[in-house]
Amino acid sequence: MQAGLVQTFRAFAYNNAWANHRLLTACAGLSQAEFAAARTGFFPSLQATLNHIHVIDLFYIDALEGGWLGPKAWANEVPYPSVAQLKDAQRAIDQRLIVHCDALTPERLEDIVKVNRDTSVQTERRDRLLMHLFQHEIHHRGQAHAMLSETTVKPPQLDEFFAAGEAPLRAAEFRDLGWSEATVWGG
C-alpha cells in the first residue's frame, strides 16, 4: 500500500466518488416529483442540493486542472433535472477529480492554483483547495442524506471510509464503478 499525503488525497477522491454513487443510486428510487420536491435544507430540494454539488465540483476541478471556467460553472443551477442525467454527469466529474488526484506528487500539493472568481482571482495551495472541495461535498451530501430520510427511500450509509475489514461489503459497488481495492490503495 502506498503511504503518505498523496495517497490520502487519492483515497479521498475515490471515497468522494463512492459516496456520490451511493447517494445518487438511492435517489434513483425516487420519482421525478419526489426528487424535485421542496425540502428543508440550504438548497430547497434534493435536485437542487445534488446539482449544487456538481456545479461546484465543476468550478473547482476546472481550476485545479488549470482552467478558467469560473462562475460560468453555475450559470445553470440545475443543469441535470433528473437523477439519471445527474448520476452520469457526477460520475464524469468525479472521474476527473480521481485522475487529478492520481497525478499528484508531494510537490504538486504545494502548487498555487488560480481560481477565477470573475471580479478577482483567488490563489490557493492545491492541498487546501482539495480539502475545501472534499469538505464542501461532505457537507452537502449530509444535507441530501437528511432530505432523503424524509422519503420512502432508505438513505445509504455515507459515514464510512474504506475500512479494510468491510471490503466485501462494497465489492459490488466497486465493480459497478470499475474499481478494486487495489485501484484505490495502489496495491
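The buried residues of helix α7 are covered by, among others, α1 (5-27), α4 (83-102) and α8 (181-185). Contact here is heavy atoms within 4.5 Å, and buried means under 20% relative accessible area, exposed over 50%, with partly exposed in between, for a 1.4 Å probe and protein chains only. Helices are DSSP runs of H or I, at least four residues, and strands are E runs of at least two, numbered from the N terminus.

This is a predicted model, where local features need pLDDT of at least 70 and side-chain atom pairs pLDDT 80 or more, while totals for chains, interfaces and linings use all residues. Residues are numbered from 1 along each chain as its sequence is written, and side-chain values use heavy atoms, without hydrogens and water.

Back to α7, residues 167-177: which of its residues are buried? Ala167, Arg170, Glu173, Phe174 and Leu177. They lie on the same side of α7, because their arc around the axis is only 120°, taken from the directions from the helix axis to the C-beta atoms. The face turned away from that side carries Pro168, Arg175 and Asp176, which are exposed. After α7 comes Gly178, with a positive phi near 80°.

Next, the cores. A nonpolar core is a set of buried Ala, Val, Leu, Ile, Met, Phe, Trp, Tyr and Cys residues joined through side-chain atoms within 4.5 Å. The largest has 31 residues, and Leu97, Leu130 and Trp179 touch the most other members. Its largest share, 7 residues, comes from α3. Leaving out residues up to four places away in sequence, Leu97 touches Ala13, Asn16, Ile61, Leu64, Leu130, Leu133 and Phe134. Another core, of 15 residues, lies apart from the largest one and includes Phe35, Leu46, Leu50 and Val83.
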